Amino acid sequence: MPSAHRVALVLVDGIGDLALPSLGFRTPLEAARLPNLDALAAAGVNGLMDPVEPGLACGSDTAHLSLLGYNPRVYYRGRGAFESMGAGLPMAPGDIAFKSNFATVDEESGIVTSRRADRHFEALGPVLCAALDGCRLHAFPDYQVNVRYATEHRCGVVVRGPGLSGNISGTDPLKDNLPLRTVEGLDGTPEAEHTARVVNAVSDAFRAILRGHPINAQRVAEGKNPANVVLLRGCGIRIQVPSLAAQAGVVPCMVAPTKIIAGLGLSLGMDILEAPGATGDYRTQLTSKAAAIAAALAAPAAPLPRVQVPGVEGSQPSGQAAGYDFGFLHIKAVDDAGHDRAGGLKVALLEAVDAMVGQLAARLWAAQAAGGPRYTLLVTGDHSTPVDYGDHSHEPVPLTACALADFVARRGEARVVSVDMAPFPLPRAATVEQTTSAPASVEQEADVGDGPPSGDAVRTFSEVAAARGSLGRFPGSCLMTLVKQCIGETN
Amino acid sequence: MAATPRCLILFGDGCLLNETTLESIDCPALDQTAREGCTGQLALRKLPDGVTEAQRSLLELEQILDLESNKESGGSSGQAQSREGRTFVSLNERFMGMSASFFSSSQSVKALASKAGFDSQLLTENQGGLDAGMLPDAASFAEQSLTLLGLATASERSAGSNVFNELTGSERGSGDPAKSQDLVFVHLRPDVSEDSNGAQPSNRTDDAPSPSKSDQDLVESAKASLVWLDALVAAIRKLESRDSRIAARLYLVLVLSYHATAVTESGTSRESEAEPKSDKVLESAGAPEGLLAFKPVQSYQQKEGQELTNIRESHHALVVYNSHGLTRRDAVQSLQASEITTKSGNLTILADRFFHEVAFKVGRAPKYGA
């Protein structure tokens, strides 16, 4: 049963940054106007978080594992399985998965002449995937192979059977006009060597099926490249871990259109909520994400969002009739702006996140004021993605945790309930001017609200301000302990 | 970022004789470095009873370079190697082919740096103590350091500097970017009196134990060291003002640690003071009980996920990270211990993690995960 105290965690991918010369040596968080996030910081407790450990520039996968309480040094086995599950392929613990392309190989020389048989494969791809799905491996009868069409020339491949390892190479030569590769074990273990033999058998079996398929005969007759090979790369094994519910004693759900994050959540047994219009990129619909998490945390008073189930077409009804007590809302676009080295856009996107947090708070406050659960809001990130660097870095990220009631007291209930709940598009790079305004102004702080102070001494939400918080600088492995403290589960 | 940064680490080892050492010395260039950078602290292990300054220096440098985790397994007999006989995995292997130079005022530290995989040299021939006259000319040294990093070309005057003779005779000092170093580490210890009972390598033959310095001598040596570091940074800034490419790539890091006497004389009492956090958290009607009371384990109290029990809670080394667009900027306005402990933007990390940060900045450490 979910608790009467519930937590919404907003995870802003790539939130942290550095002092940008283009922003007057402020970070994008310091330069942005963030009345809601500042009010959360002012009314709550704050700190700096190392996703795994100081000095490690984490990927989103290792960082998320750590934040959700799973030591990546123990459990991380590559991204392949996370991506495949996020794309809808069902996997059991111990299964391995690949990112895969339909490609063209010269049958005589073994040279891959085109790594993409055809970019427009939407009609034929599913037919060929159906032909490959469930193919038999005569030398390895204990192994099962499943194939699912993804997009364009891409498909997902999952292999299930005993003793598989994720530490193997792939068959993809990564460039055209190079030989198809033979899979090899990468760590010298018997498991990896055995897995390499199984996967080479998979590759051969696929080629045998595709070679004789009528679609390819027709393509050759039409002068087109045959799709006579499936290139296998990015192997990953589904990690075998206790579910987040079992490990942390919470009833968790997630909104994450980003495949690798959704797949990671599925690996931990989290329900992935449907949020119409949420895309995991610059086109995403943040309002929809807030609505889905708010509904899941307000249930049963609010109708539950539907959930995604790998291997099942379309969304399904949630099995958690009483709702959830831990809602994880992932936002990707801010990280994209860091990778795209777009400082002004990152500022504008953070302001959009702030607006979404206002909408989320309003929805949850409506539920709490109507006698529903008591809520706590957490906002943080999984790593820094400095725009002047263009990739992830090791700098810690800010974290704020605030009881919703304290946020409302600080911000003013009238402001909270009157927030515009209409969906809004994310700002676009072309329309965002580089922000070079003066340092954080008095009026910026004033519209945070004038309610009584609570929490620690921090008054704004940023990397530098968070250092003055009562939480100090702590490892991401502590995050779920904080969540459980808020929910009231301390076991 | 157009090009990979290059790092210059300036380590004033044992320069802090107490918490107010920096207040009595005028160091405008170091103040500016702190004001325009991001500051923090490096947490170090508790010192063994009776430790000498020379032993403290080696123990703490091993932490700052994270050497303890990178001891090579050795000894065919299976017996534990003596402290002096240990070998380490080289920097080159640990950090994706990193190449780095190390200059030290201490013979034993120089030897340790060599074992760690640095190209190492003595900063000064004198082993009895430091004053301004014994240290290299700061302007020449600045120019040569940047030359080693491939960020400048040494002038005729600085190329003749004694301390660089060995390296300038090799490819490293040629100014050719393809042969330049990723990192230059300058280690300056005011109290260079070595202790023959303790922490020196067994093959050391060229510097006999020196008598302990008097308190006043030590104060003067510490002051001379800090003034020299200030002059060095001022010279670097001058070179930067002539060539914007230097500022665009130079990652300057200053580390200042406490002398053994400062740690051992007040360590116990200060730890009991430092234990309870002073952060005031206001009560609220709305917060869950566990939220306001939550005190997570701190990052500096762990290594690779394992909690450490031997970290001292006071006398952390002070650290300043400074680079144009490569660091955050905190509220610290001058290089004072009291400012850094209350206003730093980086707070405290375990000293063992410091070099990993630097390695990542110079492109010699990979991303962890996808």
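Over the ring of which residue does the charged end of B:Arg329 sit? Let us look at that view first, and then at several others.

**View 1. A charge over a ring, with B:Arg329 and A:Phe25.** The charged end of B:Arg329 sits over the ring of A:Phe25, and the distance to the ring centre is 3.7 Å. A charge sits over a ring when NZ of Lys or CZ of Arg is within 6 Å of the ring centre and within 35 degrees of the ring normal. A note for all the views: this is a predicted model, where local features need pLDDT of at least 70 and side-chain atom pairs count only at pLDDT 80 or more, while totals for chains, interfaces and linings use all residues. Residues are numbered from 1 along each chain as its sequence is written, chains are lettered from A and ligands numbered from 1 in the order in which they are written, and side-chain values use heavy atoms, leaving out hydrogens and water.

View 2. Searching the whole structure gives 13 aromatic pairs over all chains. Rings of Phe, Tyr and Trp (its six-membered ring) pair if their centres lie within 6.5 Å; planes under 30 degrees apart count as stacked, over 60 as edge-to-face and the rest as tilted. Here the centres are 5.7 Å apart and the planes stand at 65°, so A:Tyr389 and B:Phe360 form an edge-to-face pair. Helices (H or I, at least four residues) and strands (E, at least two) are DSSP runs, numbered from the N terminus. A:Tyr389 is partly exposed at 24% relative accessibility, whereas B:Phe360 is buried at 6%. Buried means under 20% relative accessible area, exposed over 50%, and partly exposed in between (1.4 Å probe, protein chains only).

**View 3. B:Phe118 meets B:Phe355.** With centres 6.2 Å apart and planes at 75°, these rings are edge-to-face too. The pair links distant parts of the chain, 237 residues apart: B:Phe118 is in the loop between α4 (107-116) and β4 (119-122), and B:Phe355 is in helix α13. B:Phe118 is buried at 4% relative accessibility, and B:Phe355 is buried at 0%. Ring pairs join both into a cluster with B:Phe11, B:Phe95, B:Phe102 and B:Phe185.

View 4. B:Ser105 is found in the loop between β3 (100-104) and α4 of chain B, and counts as buried at 0% relative accessibility.
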